[in-house]
Amino acid sequence: MVLGLAAALVMAGCGSGSSPASRAADSAYLSEVHDSAPQIGSFRSDTQLIRLGHAACDGFASGASYVELADRLALVEGSKPLPSEDLGAVITAAADNYCPKFRARVS
């Protein structure tokens, strides 16, 4: 399952669209992430955050709960995972902006 999430992270980066709607969603997502976790820019670039947000939605789509998703994303990130509160901001912003149908899974 971790490998599937790692593949989703890679694919999210490859498939990022450049449509106006996609750019607007990215902008709203990044704004929410940076507002909720002001120091996150010292850990990840905006491109990395966007990939992580799409991976979060992929995890929800595969049936993961919020806690399962947080655990998986922390594993995928390797030796320097985001602090848990920053990871929570990423997951919440992803549900708000990229996959609102999963918003109910975020506490």
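Reader: What share of the contacts in the protein with a separation of 6 or more comes from residues 24 or more positions apart?
Author: They account for 66% of those contacts. Contact means heavy atoms within 4.5 Å. This is a predicted model: local features need pLDDT of at least 70 and side-chain atom pairs pLDDT 80 or more, while totals for chains, interfaces and linings use all residues. Residues are numbered from 1 along each chain as its sequence is written, and side-chain values use heavy atoms, with hydrogens and water left out.

Reader: What makes up the secondary structure of the protein?
Author: It has 5 helices and 0 strands. The order from the N terminus is α-α-α-α-α. Helices are DSSP runs of H or I with at least four residues, strands are E runs of at least two, and both are numbered from the N terminus.

Reader: What describes two packed helices?
Author: The angle between their axes and the distance between the axes. Axes are lines fitted to C-alpha atoms, for helices over the stretch in contact, and the angle between N-to-C directions runs from 0 to 180 degrees.

Reader: Which residues of H2 meet H5?
Author: Ala 25, Ala 28, Tyr 29, Glu 32, Val 33 and Ser 36. Their partners in H5 include Val 90, Ala 93 and Asp 96. The residues of this contact of H2 with H5 divide into 8 nonpolar, 3 polar and 2 charged. Ala, Val, Leu, Ile, Met, Phe, Trp, Tyr, Cys and Pro count as nonpolar, Asp, Glu, Lys and Arg as charged, and the others, Gly among them, as polar.

Reader: Why are H3 and H5 called roughly perpendicular?
Author: Helix H3 (residues 46-61) packs on H5 at about 70°, with the axes 9 Å apart. H3 and H5 are therefore roughly perpendicular to each other. Their crossing is right-handed. Among the residues in contact are Leu 52, Gly 53 and Phe 60 of H3, with Leu 87 and Ile 91 of H5.

Reader: Why does Leu 87 count as buried?
Author: Leu 87 has a relative accessible area of 5%, and buried means under 20% (exposed is over 50%, partly exposed in between; 1.4 Å probe, protein chains only). Leu 87 is therefore buried. Beyond four places in sequence, Leu 87 touches Leu 52, Ala 70, Leu 73, Ala 74 and Leu 82.

Reader: What does Asp 96 count as?
Author: At 31% relative accessibility, Asp 96 counts as partly exposed. Asp 96 is also in helix H5. Beyond four places in sequence, Asp 96 touches Glu 32 and Arg 103.

Reader: How many aromatic pairs are there?
Author: The count comes to 2. One is Tyr 29 with Tyr 98, 4.7 Å centre to centre, with 35° between the planes. Ring centres of Phe, Tyr and Trp (its six-membered ring) must lie within 6.5 Å; planes under 30 degrees apart are stacked, over 60 edge-to-face, the rest tilted. The pair of Tyr 29 and Tyr 98 is tilted. Tyr 29 sits in helix H2 and Tyr 98 in the segment after H5, 69 residues apart. Both Tyr 29 and Tyr 98 are buried.

Definitions and conventions:
Angles under 35 degrees count as roughly parallel, over 145 as roughly antiparallel, 65 to 115 as roughly perpendicular and the rest as oblique. A crossing is left-handed if the near helix is turned anticlockwise from the far one by less than a right angle, and right-handed if clockwise.
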